[in-house]
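Subject: Handover of a structure

Dear colleague,

I am handing over a structure to you together with its sequence. Please look at both before reading the notes that follow.

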Amino acid sequence: MSIQKAQQQVDNWIKKHGVRYFNELTNMAQLTEEVGEVARIIARRYGEQSEKESDKNKDLGEELADVLFVVLCLANQTDIDLEDAFEKKLDIKTKRDHNRHHNNEKLR
């Protein structure tokens, strides 16, 4: 699925089920909350903290999808073509970081 199609699917879902978009500040707070849930899973499952019994059944993919959903909402409501923005960012990072990462001793 393209990012543009994902943005359209989110917009359709909001119009059909969500009544309207939450305002941008509410969505920013919601994004922070969702990223925190991802961080909790990663810290406990892959980091040094022990995983609580209540967290063992949490689905990292589902939590990442929550993050993506809110990012797509924010892009839609601020008129950002996220696919275009991502392609531009990837080009910038490729030009800027290729040699830097290949020459980084810490990555060997």
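D79 counts as exposed because its relative accessible area is 72% (buried means under 20% relative accessible area, exposed over 50%, and partly exposed in between, with a 1.4 Å probe and protein chains only). The model is predicted, so local features need pLDDT of at least 70 and side-chain atom pairs count only at pLDDT 80 or more, whereas totals for chains, interfaces and linings use all residues. Residues are numbered from 1 along each chain as its sequence is written, and side-chain values use heavy atoms, with hydrogens and water left out.

Two loop residues

The place of D79 is the loop between α3 and α4 (helices are DSSP runs of H or I with at least four residues, numbered from the N terminus). Although D79 is not a glycine, its phi is positive, near 55°. Most residues other than glycine have a negative phi.

Q77 in helix α3

Q77 is part of helix α3. Is Q77 buried or exposed? Q77 counts as buried, because its relative accessibility is 17%. Its side chain has a polar atom that lies 2.8 Å from the backbone oxygen of F22 (a polar contact is a pair of N or O atoms within 3.5 Å, one able to donate a hydrogen and the other to accept it; adjacent residues count only if both atoms are side-chain atoms). F22 is also among the residues in contact with Q77 once neighbours within four places in sequence are left aside; the others are Y21, N23, E24 and N27 (contact means heavy atoms within 4.5 Å).

Q7 is found in helix α1. Q7 is buried, because its relative accessible area is 7%. Which backbone oxygen lies 3.0 Å from a polar atom of the side chain of Q7? The oxygen belongs to I80.

The axes of α1 and α4 lie 7 Å apart, and the two helices pack at an angle of about 145° (axes are lines fitted to C-alpha atoms over the stretch in contact, and angles run from 0 to 180 degrees between N-to-C directions).

R108 after α4

R108 is placed in the segment that follows α4 (82-102). With a relative accessibility of 64%, R108 counts as exposed. What does the side chain of R108 reach at 2.7 Å? The side chain of R108 reaches the backbone oxygen of H102. When residues up to four places away in sequence are not counted, R108 touches H102 and N103.

With kind regards
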